[in-house]
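Let us read this structure one feature at a time.

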Amino acid sequence: MDLALGELLGSAKFPRAGVDRVLAAALALSAAERGNVQIREPTGELRIAAQRGFTSDFLDHFAVVDNDGSACGRAAEKAAQTVIVDVNKDPAFEPHRSIAAASGFRAVVSTPLISDSGLVGVVSTHFPRPHRLSAHELRSLQQLGRIAGITLSQFPARELSALATADGDPGERNELLADPALWSPTLEDFRRVTLDDRDGSDFFPLTLEVADVFGLAGAGVSLADGEAMRTAAAQSERAAALELIQEQYGVGPCVESQRTARPVLVTDLTDHPRKWEEFTKAAATVGVVSAAAIPIRLGGVGLGVLDMYHDSQHQWTTEEVRLADRLARMAASYAFELYRTRRTTTQLQQALDSRVIIEQAKGMLAGRMGITVDAAFGRLRAHARDHNKPLRTVADAVVQQGLNPGRDQD
């Protein structure tokens, strides 16, 4: 797992990619559909740098976090993982319960991102109902926090800080992954693009990783294409041959796993020679005896299947299945995030433009009213909330029309 996480995060060449991969990994490791990454400012405050599944109300509420009883605030203060199984039963979380209810979460886990020099930020994952992660899941998130903290600390602090959008609007990342009506068309396009570009598939590193971790004879990934399965990546020639056989004949553990949305584990293929006749013949020809098919899912939708092949009998363990599932979900989240990033350059530029105008408005308002920049930002946020307007719109009014929000509060 160290190797998988290290390579996934360490290959990021820019802070944005690094932070996005941290979030994708955390969501995969905890099987969550909502979460965020906050970066610690030099002043000690936390600011959201990446998020998945939240609306502007949540982002405004947690735009700047200090020691406020929130899970992320406690994780940052103690530099230790904070688990809230039910926010309605946690006394310290009381100031944030209304926004939690409005945002649709009841449980949260916040994990500090720690480098050798201290706290870099916090990653949090949220759950719609009271929820307790397993000890293994919590340890995996802690491991992610250590690796991510070291990785992100290699970027200049000012570049990390710049990721935190002042209006909490990181563009298309506001899509609710849990709502298929919003994101399924994007997912279908992602399938098509991935299948059309098999030579450069972002799933190929996954096949290499699982083959190495489990000592496999081969590994492959096939994605659903309507009712059929199509090969997206294969680590070896014999894995490619077995993926192709299943694609051509529509039978095999991969096809069954996609149909049932459950792992299919076969200790010895020779025990069932007629179950998948063409597949078992091909497996015998290339020297594969045992197979496992693990469904790859995003947001509750079956994306495809990770196939693993052994050249001898193998009794697949629960721990192997869980680890393969986590690696597959991490790879899928990472590949989907890469696709979305490539697809949303315009939206990200708009978010940057929004950050610039808000920073300009903060400076102008501070100068006009003789207050600090932080106080100016507080007035901008309060005016936007009170008048039900986007923060960007209020900032435009300050810069273009001379608006002075909150003057009557002096």
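Q: Is A261 buried, partly exposed or exposed, and what sets the class?
A: Relative accessible area sets it: buried is under 20%, exposed over 50%, partly exposed in between (1.4 Å probe, protein chains only). A261 has 34% relative accessibility, so this residue counts as partly exposed. The model is predicted: local features need pLDDT of at least 70, side-chain atom pairs count only at pLDDT 80 or more, and totals for chains, interfaces and linings use all residues. Residues are numbered from 1 along each chain as its sequence is written, and side-chain values use heavy atoms, leaving out hydrogens and water.

Q: Where is A261 found?
A: Helices (H or I, at least four residues) and strands (E, at least two) are DSSP runs, numbered from the N terminus. A261 sits in the loop between α11 (253–260) and β9 (264–266). Its phi is positive, about 60°, although A261 is not a glycine.

Q: Which loop holds N388?
A: N388 lies in the loop between α15 and α16. N388 is not a glycine, yet its phi is positive, about 55°. With 72% relative accessibility, N388 counts as exposed.

Q: How do α15 and α16 cross?
A: Axes are lines fitted to C-alpha atoms, for helices over the stretch in contact, and angles run from 0 to 180 degrees between N-to-C directions. Under 35 degrees is roughly parallel, over 145 roughly antiparallel, 65 to 115 roughly perpendicular, and the rest oblique. The axes of α15 (residues 373–386) and α16 (residues 391–401) come within 9 Å and cross at roughly 120°. The two helices are therefore oblique to each other.

Q: Which residues of α15 and α16 meet?
A: Contact means heavy atoms within 4.5 Å. F377, L380, R381, H383 and A384 in α15 meet L391, V394 and V398 in α16. Ala, Val, Leu, Ile, Met, Phe, Trp, Tyr, Cys and Pro count as nonpolar, Asp, Glu, Lys and Arg as charged, and the others, Gly among them, as polar. This contact has six nonpolar, one polar and one charged.

Q: How do α2 and α6 cross?
A: The axes of α2 (residues 15–30) and α6 (residues 135–152) come within 10 Å and cross at roughly 175°. That makes α2 roughly antiparallel to α6. The α2 side of the contact includes V19, V22 and L29, and the α6 side includes L141, L144 and L152.

Q: How many residues of the protein are buried?
A: Buried residues make up 54% of the 410 residues. In α9 (residues 204–214), they include L206, V210 and F214.
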